[in-house]
Amino acid sequence: MSKSNKHKERGKQRNTAEKLPLKGILFMVIVIVIFGSALYLVMSKSASLDPVDKDAIKMTITMAGFEPNVIRAKAGQPVTINLINPDNSHHTDGGGVHNFILESAGLSRVNITVQPESQDVFTFTPTLPGEYHWYCDSCCGGRENPSMHGTLIVA
Ligand SMILES: [Cu+2]
C-alpha cells in the first residue's frame, strides 16, 4: 500500500465516524428546539395570565368561555374588570381575539376587544338593578354560543 492510499483509507474511516455523531447532534438540536419552543409557549402563557390590576375583578376569556361568568355589582358603583386573554393567535376561529360586549345595565354599550395573549382593564358603572348579559362575538359562533356569555347581577 502506498502512502497516499493509506491516507485515503484513514479519510474514509474518519468520514463514517463523523457522520454518526453529526446525526446525533442534529437530532439533539431538533429536540432542544421543539422542547424549547414548547417551554417558551407555556412560559409566555403563564406570564400573560398575571393580571396588571390586582384590585380589579380578574376574568379570563378563552375558547371555553368567561371565567368567572357571573359577577355581582351594586347600582351606582363602578365595576373594574381585568380581562385576560391567554389564547394565542394560532386559533383558526377568530384568530385568538375575544370581546366583552355588554349592551344594557343602564349604561352605554361596553365593547372591549382583547387581542391574543394580552389583557385589558376597563371600568363601567351599572345604574339600574337587574340581571344583564355580556358576550363575546369574535369566536365559536359568537353571540349565539351559550358558553360565550356571562351574567352581571346588579343589586
Ligand atoms: Cu371569544
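## Overall make-up

The protein's secondary structure amounts to 1 helix and 9 strands. Following the sequence, these come in the pattern α-β-β-β-β-β-β-β-β-β. Please keep in mind that this is a predicted model.

The protein has 155 residues, and 17% of them count as buried. Among contacts in the protein with a separation of 6 or more, 65% link residues 24 or more positions apart.

## Confidence along the chain

For the protein, the mean pLDDT is 82, with 77% of the residues at 70 or more.

## The open sheet

Now to the strands. Four of them, in the order S2-S1-S4-S7, form an open sheet with mixed pairing. Strand S2 (65-67) and strand S7 (118-124) are the edge strands, each pairing on one side only. On average, neighbouring strands of this sheet are turned by 25° against each other, direction ignored.

## A closer look at S1 and S4

Do strand S1 (residues 57-62) and strand S4 (residues 79-85) run parallel or antiparallel? These two strands run parallel, and 4 bridges join them. For a place to start when viewing this pair, take Met59: this residue stands opposite Leu83 in S4.

Key:
Residues numbered from 1 in each chain as written. Predicted model: local features only at pLDDT ≥ 70, side-chain atom pairs only at ≥ 80, totals over all residues. Buried ≥ 20, exposed ≤ 12 C-beta atoms within 10 Å, placed from the backbone. Contact = placed C-beta atoms within 7 Å. pLDDT = per-residue confidence, 0-100. Pairing = 2+ DSSP bridges. Axes fitted to C-alpha atoms, helices over the stretch in contact; angles between N-to-C directions.
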